[in-house]
Amino acid sequence: MFKYSMHAAVIATAMMFAQSAIAQDAAPMPQQSAAMAASALRDPALKPVFDEFGGKPGLVALMNDFMDNLMADTRTRPYFADSDREHIKVELVDQFCVILDGPCTYSGKDMEKVHRSLGINRAAFNALVEDLQKAMDKNDIPFRAQNKLLAKLAPMHKVVITK
Ligand code: HEM
């Protein structure tokens, strides 16, 4: 329980930071921030974290559990029920692999475009993060490594949440 509220704090802080950055200067999003939200930015500092995730095989195992959780969760299942879940898992592996500076290329769709018409709200976003946390726990990903990844994903709420 404590662990999940710590995670929630990381996500909430990252989201607040991202929002206040927008609120403070009414100018368009800085280039880097826009790119982060749009897909995935490689962060060479996260290479050790890539290893803590078990490299690419670790990410494949993680995504299997993550998708199982998303389908078992009544809050997220409706979004994924009619989608090509095997394809999404492949794209997620590549996306997370790139973020963690692994030897991969993300050739999936732009985050804004792929989620635009899905009508995702904050509750659904938080539910997905929770399902990811559970999968990371099951795969024995160290807590600090989990938070490093979550901090990179959090800014994507700006383009994923549309209502
Ligand atoms: C940081 C959060 C998220 C990340 C990093 C993420 C990442 C991705 C990726 C990589 C894809 C595959 C893109 C492709 O097909 O090329 C995808 C597709 C999809 N995502 Fe997300 N996603 C996030 C949040 C969410 C949330 C909160 C939901 C719904 C609760 C969601 C629902 C979907 C669905 C339904 C698809 C398939 C859409 C289609 O095939 O047309 N995603 N996402």
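Mentor: In this predicted model, the face of helix 4 turned away from its buried side carries Pro57 and Ala72.

Trainee: Which residues of helix 4 are called buried, and why?

Mentor: The buried residues of helix 4 are Gly58, Leu59, Leu62, Met63, Phe66, Asn69 and Leu70. They are called buried because each has 20 or more other C-beta atoms within 10 Å of its own.

Trainee: How do you know on which side of helix 4 they lie?

Mentor: They cover an arc of only 135° around the axis, and therefore they are on the same side of helix 4. The general rule is that an α-helix has 3.6 residues a turn, so residues three or four places apart point the same way.

Trainee: What covers the buried residues of helix 4?

Mentor: The cover includes helix 5 (77-80), helix 6 (85-99) and helix 8 (122-138).

Trainee: How do you know that the length of helix 4 agrees with expectation?

Mentor: Helix 4 (residues 55-72) has 18 residues, which should span 26 Å at 1.5 Å a residue. Its end C-alpha atoms are 26 Å apart, so the two values agree.

Trainee: Which residues are closest to the ligand, and which helix gives the most to the shell around the ligand?

Mentor: The closest are Tyr79, Glu91, Gly108, Lys109 and Met156, among 22 residues that surround the ligand. Helix 5, helix 6, helix 7 (111-115) and helix 8 each give two or more residues to this shell. Helix 6 gives the most, with 5 residues.

Trainee: How many residues of the shell are nonpolar, polar and charged?

Mentor: The shell has 13 nonpolar, 6 polar and 3 charged residues.

Trainee: What is the confidence of the prediction over the chain, and where is the pLDDT below 50?

Mentor: The chain averages a pLDDT of 86, and 76% of the residues score at least 70. Over residues 16-29 the pLDDT is below 50, and this stretch has 5 contacts beyond near neighbours in sequence.

Conventions
Residues are numbered from 1 along each chain as its sequence is written. This is a predicted model: local features need pLDDT of at least 70, side-chain atom pairs count only at pLDDT 80 or more; totals for chains, interfaces and linings use all residues. pLDDT is the predictor's confidence in each residue, from 0 to 100. Two residues are in contact if their C-beta atoms, placed from the backbone, lie within 7 Å. Helices (H or I, at least four residues) and strands (E, at least two) are DSSP runs, numbered from the N terminus. The expected span of a helix is 1.5 Å times one less than its number of residues. A residue is buried if 20 or more other C-beta atoms lie within 10 Å of its own, exposed if 12 or fewer, and partly exposed in between; C-beta atoms are placed from the backbone. The arc is that of the directions from the helix axis to the C-beta atoms. A residue is near a molecule or strand if its C-beta atom, placed from the backbone, lies within 6 Å of it. Ala, Val, Leu, Ile, Met, Phe, Trp, Tyr, Cys and Pro count as nonpolar, Asp, Glu, Lys and Arg as charged, and the others, Gly among them, as polar.
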